[in-house]
Amino acid sequence: MADLIVIGGGLAGSEAAFQAAERGLKVQLYEMRPFVRTGAHQTHDLAELVCSNSLGSNLPDRASGLLKNEMRILGSMLLECAETASLPAGGALAVDRELFARLVTERIENHPNIQIIREEIKGIPKIMAIVASGPLTSPALSKSIAVLSNEEHLFFFDAIAPVIHADSINMDIAFRASRYGKGEHDEGDYINCPFTKEEYYAFVEALLLAERIELRSFEEAIKSGVKAGHFFEGCLPVEIIAERGIDSLAFGPMRPVGLRDPRTGRRPYAVVQLRQDNLAGSLYNLVGFQTNLKFPEQRRVLRLIPGLENAEFLRYGQMHRNTFIASPKLLRPTLQYIERDDLFFAGQITGVEGYIGNIATGLLAGINAARLHHHENLITLPSTTMLGALCHYVTHADLKDFQPMKANFGILPPLEAASKIGKRERGQAYAERALADLAHALSRDNLTSDAAIAGEFRTEDST
Ligand SMILES: Cc1cc2nc3c(=O)[nH]c(=O)nc-3n(C[C@H](O)[C@H](O)[C@H](O)COP(=O)(O)OP(=O)(O)OC[C@H]3O[C@@H](n4cnc5c(N)ncnc54)[C@H](O)[C@@H]3O)c2cc1C
């Protein structure tokens, strides 16, 4: 008999199952792949990254870097695996996605307290459970959640970027460099495809005229009140960005700042950056190039990018459903369901956005489920920490404008002297405050990452 059921062996579910199992709970982890597919995942590995292979900034004075530092202190297993599988990506933590997923899968498979069950769960379990079924939650389970919560799900669509084979890139045109020369490799971590003004305008025109996959339900969703702003801003399809104005891409994902074409000695008018996608360096993804063009159109239009005239595609871009619940109405900052103490939600389904934020909420849900099992007080993280601020945001946001949120300094309580310091120093000050609060709390309450997390870590009664 299990102590805890975790639904979904993705990023949040894998971390949650591990954290609870480490604290002695017998965990059943249900993953429906490979028998039921999501439309975006391609393997049956746990913790598969469905789009970008970057887990965001690793710099300590950036929001995502701060979140990672908090997770390191709290003992995140997935972050450990990501570091083992990391690839050169400037200040970001990018991973070989296959290696990362394999490492996580092995850690879960080999854990004596975790049983993996390859089955779709269609209803909400009666015993303690963590729902971490992600943005592509199966329709049957979505329906059960809607019935449970008496709320219609919010939903919207998201887009993924294409991946190409490295040996199909024309390096006589493309060049290696990191913006402002700030990469790990001397020759630069990214491959850059440079555009002249004429090439750029011709490309944008072709992009705008290209055929797209029809999105009937999405269009209906817009009409019924789900705004286009409900795309992840960082994941807007390029053709949608291009519609905002002819130069919008040149100021967005194709911005050339910090790059100089070694062949001309000048900054190109625009640039498409390619980021390494696997350890072998045989695959590259088009950074920020999520798209919903029909596949033959992607092949045609993306081959207009200078240096990609012979590009071979491993994966084309796609758009997908993205499901999240009305957390401000339904969840507590402990990630417990408002009307049931032993039901937790974690990951993208809570409205926390981004790989690393999803892993982090899995970590907290796993710890809190274990604490509930052991009759300990549950933890609400202080909102000066990045994870605490994310949990606070999703449970307190105005429901009317509720949108998924990724780690950012804007959701932290302001610094007292914020106006007197520059942006970079501000990031450092936020990070110092968050980590100091964490350290203070850990020492004050004599809690370790194994035992619990605390803080200013307000603890709450589990009931
Ligand atoms: C298409 C797409 C692209 C994205 N790209 C990015 C990106 O580039 N960068 C970024 O930071 N974030 C991205 N995200 C957002 C988000 O960070 C990822 O989706 C992330 O994987 C979410 O983590 P999760 O654990 O919540 O869900 P997932 O990692 O998707 O895990 C959920 C798991 O639950 C399983 N499941 C679903 N329903 C059931 C059921 N009923 N029974 C059993 N198992 C079930 C699924 O098969 C899946 O394995 C993207 C999201 C989508 C949809």
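An oxygen atom of the ligand lies 2.6 Å from an N or O atom in the side chain of glutamate 31, a polar contact being a pair of N or O atoms within 3.5 Å. The protein covers 96% of the 960 Å² of accessible area that the ligand has on its own, with areas taken from the Shrake-Rupley method and a 1.4 Å probe. The model is predicted: local features need pLDDT of at least 70 and side-chain atom pairs count only at pLDDT 80 or more, while totals for chains, interfaces and linings use all residues. Residues are numbered from 1 along each chain as its sequence is written, and side-chain values use heavy atoms, with hydrogens and water left out.

**Ligand surroundings**

- A nitrogen atom of the ligand is 2.8 Å from a polar backbone atom of isoleucine 121.
- Helix 1 (11-22), strand 8 (154-160) and helix 11 (355-373) are the elements that give two or more residues to the shell around the ligand; helices (H or I, at least four residues) and strands (E, at least two) are DSSP runs, numbered from the N terminus.
- There are 34 residues around the ligand, of which Ala12, Glu31, Ile121, Gln348 and Tyr355 come nearest; a residue is near a molecule if one of its heavy atoms lies within 4 Å of it.
- The shell comprises 14 nonpolar, 15 polar and 5 charged residues; Ala, Val, Leu, Ile, Met, Phe, Trp, Tyr, Cys and Pro count as nonpolar, Asp, Glu, Lys and Arg as charged, and the others, Gly among them, as polar.

**Backbone geometry**

- Most residues other than glycine have a negative phi, and most peptide bonds are trans.
- Arginine 33 and proline 34 are joined by a cis peptide bond with omega of about 5°, and proline 34 is in the loop between strand 2 (27-30) and strand 3 (54-57).
- Alanine 47, in the loop between strand 2 and strand 3, has a positive phi near 55°.
- Alanine 47 is buried at a relative accessible area of 0%; buried means under 20%, exposed over 50%, and partly exposed in between (1.4 Å probe, protein chains only).
- Tyrosine 180 likewise has a positive phi near 55°, but is exposed at 60% relative accessibility, in the loop between strand 10 (175-177) and strand 11 (190-195).

**Cysteines**

- The structure holds 0 disulfides, a disulfide being a pair of cysteine sulfur atoms within 2.5 Å.
- Cysteine 193 is buried at 0% relative accessible area, and cysteine 391 is buried at 2%.

Key. Polar contact = N/O pair within 3.5 Å; in protein donor to acceptor, adjacent residues only side chain to side chain.
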